[in-house]
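Open the model in your viewer and keep the sequence panel beside it. We will go from stop to stop, selecting as we go.

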Amino acid sequence: FYECSFEVMEKRILERAKTSGRSDDNLESLKKRFDTYQQETKPVVEMLEEKGMIKKISAESSVDEVYGKTKAILEEFGDGFFKISKELETELEDGRQD
């Protein structure tokens, strides 16, 4: 899971907006995305964290640093990563049926 403060995301989005041409590269859209994350995604992340099923990576570092940390975590899991992913998928699907 990539962690990044609102302030860093804001800075990056506004910088990207200078050249991206994307209509959603603006502060209003970022606030909506961040609110959606807080309401819908964060509870899932917290549940997975409680179960020890999540690794956190600061996304506030350089692209190369984030890539290196991501690669190292995936290598830790090895083939087990796909087994965990399948178990999680099943658990989430079961939770939706309740």
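Select G21 to start. This glycine sits just after helix 1 and takes a positive phi of about 75 degrees. Keep in mind that you are looking at a predicted model.

Now select helix 1 itself, residues 6-20. Its 15 residues reach 20 Å from the first C-alpha to the last, close to the 21 Å expected at 1.5 Å a residue.

Zoom out to the protein chain. It holds four helices and two strands. Along the sequence, they follow the pattern β-α-α-β-α-α. The chain has 98 residues, and 15% of them count as buried. It exposes about 7600 Å², with carbon and sulfur atoms supplying 53% of that area.

Next, show the aromatic rings. The structure holds three aromatic pairs. Select F6 and F34 for one of them. This pair is edge-to-face, with 5.2 Å centre to centre and 70 degrees between the planes. F6 lies in helix 1 and F34 in helix 2 (residues 27-50), so the pair ties together parts that are 28 residues apart in sequence.

F34 has 21%, so it counts as partly exposed.

Move on to helix 3, residues 63-77. Helix 3 has 15 residues and reaches 22 Å from its first C-alpha to its last, close to the expected 21 Å.

Which residues of helix 3 are buried? Select V66, T70 and I73. They cover an arc of only 65 degrees around the axis, which puts them on the same side of helix 3. Here is the reason behind such a pattern. An α-helix has 3.6 residues a turn, so residues three or four places apart point the same way.

Finish at G78, which follows helix 3. Its phi is positive, near 55 degrees.

Note on methods
Residues numbered from 1 in each chain as written. Predicted model: local features only at pLDDT ≥ 70, side-chain atom pairs only at ≥ 80, totals over all residues. Heavy atoms only, no water. Expected span 1.5 Å × (residues − 1). Buried < 20%, exposed > 50% of the residue type's maximum accessible area, 1.4 Å probe, protein only. Arc of directions from axis to C-beta. Areas by Shrake-Rupley, 256 points an atom, 1.4 Å probe, with all protein chains shown as cover. Phe/Tyr/Trp six-rings, centres within 6.5 Å; stacked < 30°, edge-to-face > 60°.
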